[in-house]
Amino acid sequence: MCGIHEECGVFAIYSNDTTDAAMQTYLGLYALQHRGQESCGIVVNDSGVFSYHKDLGLVHEVFDKDTLASLGQGNIAVGHVRYSTTGNSNRSNAQPLVVRHVKGPMALAHNGNLTNAYELRREFELGGAIFHTTNDTEVISYAITQQRLVCSSIEEAVEKAMCKIKGAYSLVVMSPKKLIAARDPVGFRPLSIGKLGEAYVIASETCAFDSIGAEFVRDVRPGEVVVIDENGIRSIETHVAEKPHICVFEYVYIARPDSVIEGSSVHQARMKAGEYLWQEHPVDADVVIGVPDSGLDAALGFANASGIPYGVGFIRNRYIGRTFIQPTQTERTNSVRIKLNVVKETVRGKRVVLIDDSIVRGTTSRRTVNLIREAGAKEIHMRISCPPFISPCYFGTDIDSKENLIACKMSIPEIAKEIGADTLGYLSVEAVGKLAENSCCEFCKGCFTGEYPAPIPTEIRKDKFEFKIKK
């Protein structure tokens, strides 16, 4: 799998009179911390002068009162939280990326993964470009600046650059006078517009709006370019697609449960997953518990549908990050050991239904099941609120290569034995496609089916940027 895949969160604000853009962005990033815990950054625009700070660490670690004050007063700002896969944990890959070119400074932050990053990078390098990072954002920046030399406006340059970049991207771009948001035509990753008084806000999830008291306006449409400046907000629809396909794993795991994505509540979608799990994999049991945090809503849905009591089975250490997005397997394993503690009274001597959002490699699930077993559970029936992973994700979620996916090596009974569960049941592909009933789009389920709504890299070479595209 390409080493530059990432799942991130973006936030941006534009106001004609607000001077606390840095603080608003800080609060927005705090709400999006679950989308990336490796690095973060903020760029503030004060009358065309860009001030920025970014570094490795959580939002509260990278920014304190003095750091925020050093960014100065400005009415436009963009922010980013990031995580990466192995080999890319360094400060140079932290975003937003600040670019200075002949048409003025530009700041970019994006969530997603380009499938033609290598081809574009090679083209730009042969043209004299020098790259300082290994992330897709720098490739996007060159695509935009190249067009900026011949286009009359920054928004036109973004629109033209979208003809070249392929794959998944939810993007915010800041120029000296404008804030621009763009989403790829397939719509893999969420991106929404909010309003705080007269200010406009862009964020990966609606929970970021709630954190600053902003109101949700609408989602950025797949393929749309949204332009915000002193005259208000407008959009360019050249690339708007008829049939968007958002990543269904946003509903299963990635997004915060209090977010609304494409018109559907993430909380309700996870509750629905639990109901479908009961219908597809019923079991006699004494208590239903969920693995924090993504498994809790599905566990509640399973309990409500089955009539089996819901119980609090784990106490989560709130000061350790999510194990799925730790860059290395060693970090993931060590995190599980201090992340969860079992409420023994809930499970001792009982037949337990254990609900989790996914099984990727199996190591985390084995540890979790062992914790329940050691606490005295009589039986453990594990239920997973998504289908088995059988293919990598090429569009921004760190679903590993096939050789590391346990479902590609074992049958479901074998996986149950491997992780130590008495029984194991996964949500079906058909059911996962029905989780977000109110959404107005289709879903990408490629990691569950091997079928993708866009071309994918099919050959990974020794150079981590080098791959071919399957038509």
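This is a predicted model: local features need pLDDT of at least 70, side-chain atom pairs count only at pLDDT 80 or more; totals for chains, interfaces and linings use all residues.
## Basis

Residues are numbered from 1 along each chain as its sequence is written, and side-chain values use heavy atoms, with hydrogens and water left out. Local features need pLDDT of at least 70, side-chain atom pairs count only at pLDDT 80 or more, and totals for chains, interfaces and linings use all residues.

## Second largest pocket

The second largest pocket holds about 440 Å³ of space. Its lining has 23 residues, and V99, I130, E138, S141 and Y142 are the closest to its centre. A pocket is an open set of points on a 1 Å grid over the protein atoms alone, where a 1.4 Å probe fits, with protein on both sides within 12 Å along at least five of seven lines; lining residues have an atom within 4 Å of a point. Volume is the space filled by probe spheres set on the points, which are joined across faces, edges and corners.

At least two lining residues come from each of β3 (49-56), β5 (97-101), α4 (117-126) and α5 (136-148). Helices are DSSP runs (H or I, at least four residues), as are strands (E, at least two), numbered from the N terminus.

## Cis peptide bonds

Q95 and P96 are joined by a cis peptide bond, with omega about 0 degrees. P96 sits in the loop between β4 (76-82) and β5.

D293 is in the loop between β17 (287-290) and α10 (294-306).

## Positive phi

S47 has phi near 55 degrees. This residue lies in the loop between β2 (39-46) and β3.

E262 has phi near 50 degrees. Its loop lies between β15 (260-261) and β16 (264-265).
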